[in-house]
Amino acid sequence: MSDNTTAIEFQFWRQFRKILINWSLVRKILSLVIFIVLWTILVQFIGYFHQIPTPQAVLLAIFELPITVVLKNIGLSFLRVLAGFFMGVLIGFPIGVAIGYSRIANRLIFPAFEMIRPIPPIAWIPLTVLFFINFESQAIFLTFYGAFFPIVYNTMGGISEVDIRLPRAAMSFGVGKRLMLWKVILPAAMPQIFTGMKLAMGITWILVVAAEMLSNKGGMGYYVWYNHTVMDYPHVVLAMGIIGICGAICSIGVGVVGNYFTRWQRLF
Amino acid sequence: MSNAKEETLNFVWHPPTIKTKIFNLNTILSVVSIVSLFMAWALLVHFQVYRFSLLPSPAEVLEEGLGWVRTHVFWIDAFATTLRVLVGVLAAYIIAIPLGLMIGWKKVFSDLTFPTLEVLRPIPAPAYLPIAILLLPWQEASVAFIPFIDAFFPVLLNTITGVKIIDRDYFRAARCLGSSPKQIFWHVVLPGALPSISSGCAIGMGIGWMGAVVGEMITGKWGLGYRIWESYILIRYPLIVDGMIAIGILGFASSVLIRYLTIRLIPWRKAITESLDESITK
């Protein structure tokens, strides 16, 4: 009898400890702490890494941050990324739908795309500099180009891989062609379309940073490279962190919109 | 005897079926598509629409390209870029695949490493360049560092997903049959994740080419990316397009190679993972 109660008590305390301390969370925090400690130790005690700024230096650099300049650069980068991204969505999404939905459009457009696609977007920088008048339009073209192909290809893939039973079921209920596209095929393809958009967002940030590094027209990429040239490495790391936060905000934003458009998934 | 008979049967002359193949609608439309791309380019440049007069025409590009391919400069450039991409991307494979397998397999290991990687992930690869220049003593390594970063996270995330989508029953079955963790790793985790890893590798290779071009444009003395930037500065505009085409061909060839290798090496690759793969590649 007493044996039984102790077993129950033991179980209770085990559960209680599990509730009291979320060990997974503790380990996750520990991970970041270990990272920062390791970083400090490497920089402080190993001569090879002595040029890398310490976390303390990076933290102190926050107070010396020229806030208006940084905000202006963040704004510029955001503008370029979002303008290119939305142009990519506005142009790429209909083309992707057309290629995925219509066989003739696929055969007419797809081979030409396949010729252009393997060229990395960065390699277009010199031609865009020749073609476009000012830096804003060059940068927006580049981000547009980087966002375009992931969106087109994922929209196409998503539409062509819709479970064939769904349109068949809809057809047997007498659904017409237009309703089929809007109510059956596009919602079913949405998860993959948003996978493409997330990819596109990541690529636009890479492109914006690269393009800004190569020019001197502002933006966070320029800010990183400027601090590199004046050897202000704590600010370089800080700027990298800011770019990372901006990129994370953008991809979280895409994820939130994607959750809204794929809310039917939660029903299953 | 029977073999010889089959061979003779195979050598029976068939009337050519090419005629029907060439003139079906699909091939005609494909040819129209590609031809119209080049025609549009040629005509826009020829009639000097808007600022197209500044761009090189297809004929100039072809002429300059044929000259360029004959020089040793082209081969050194192509070799340098390929080497940088291969070094960076292979380093990413070597580090990211074991790491991803462990993160996907062991919850404790995942908790201890993944948050840090998640913090580093959104930083775009070109932004790492100043740190790479500081950290790595010679320039080649700092250029190869960008394809490394570019390829690292797609490979890592694909590997983790690959382990996570393995059916839990395989683990339970293996444990019931008394296999050690080592055996589970080699016979369940690794083979189960390989299809997803292979698609991650293909994506990594594609993005790695982009990274190498960025690195060469910003800091470089050789390579196709550097040649593009230099020919822009030296006003040899046709060479820009030739460089783009060369990078496109090499990048395409390397991803085709990876796809071919992985299809040969992983015969249990299923249709489901193939569709997943198509979805992830841009």
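**Exercise 1. Determine how many residues of helix H8 of chain A are buried, and what follows this helix.**

Solution. Take first the criterion: a residue is buried if 20 or more other C-beta atoms, placed from the backbone, lie within 10 Å of its own, exposed if 12 or fewer, and partly exposed in between. Helices here are DSSP runs (H or I, at least four residues; strands are E, at least two), numbered from the N terminus. Next, look beyond the helix, where H8(A) is followed by Gly174(A), whose phi is positive, near 80°. The model is predicted, with local features requiring a pLDDT of at least 70 and side-chain atom pairs a pLDDT of 80 or more, while totals for chains, interfaces and linings use all residues. Residues are numbered from 1 along each chain as its sequence is written, and chains are lettered from A and ligands numbered from 1 in the order in which they are written.

**Exercise 2. Describe the span, the kink and the burial of helix H8 of chain B.**

Solution. Begin with the span: helix H8 (residues 139-164) of chain B has 26 residues and reaches 38 Å from its first C-alpha to its last, close to the expected 38 Å, the expectation being 1.5 Å times one less than the number of residues. Then examine the axis, in which a kink of about 25° lies at Phe152(B), shortly before the proline Pro154(B); the bend is the angle between axes fitted to the seven residues ending at a residue and the seven starting there. Finally, 21 of the 26 residues of H8(B) are buried, so this helix is largely enclosed by the rest of the structure. In chain B as a whole, which has 13 helices and zero strands, 39% of the 282 residues count as buried.

**Exercise 3. Characterise the side of chain A that touches chain B.**

Solution. Start from the contacts (C-beta atoms, placed from the backbone, within 7 Å): 53 residues of chain A are in contact with 48 residues of chain B. H9(A) gives the most to this side of chain A, with nine residues. By class, the side has 37 nonpolar, twelve polar and four charged residues. For the complex, the predictor gives an ipTM of 0.77 and a pTM of 0.81.

**Exercise 4. Locate the lowest and highest confidence in chain B.**

Solution. On the pLDDT scale (the predictor's confidence in each residue, from 0 to 100), the mean is lowest in helix H1 (residues 2-10) of chain B, at 45, and highest in helix H5 (residues 72-105) of chain B, at 92. Over residues 1-15 of chain B the pLDDT is below 50, and beyond near neighbours in sequence this stretch has zero contacts in the model.

Methods: Two residues are in contact if their C-beta atoms, placed from the backbone, lie within 7 Å. Ala, Val, Leu, Ile, Met, Phe, Trp, Tyr, Cys and Pro count as nonpolar, Asp, Glu, Lys and Arg as charged, and the others, Gly among them, as polar.
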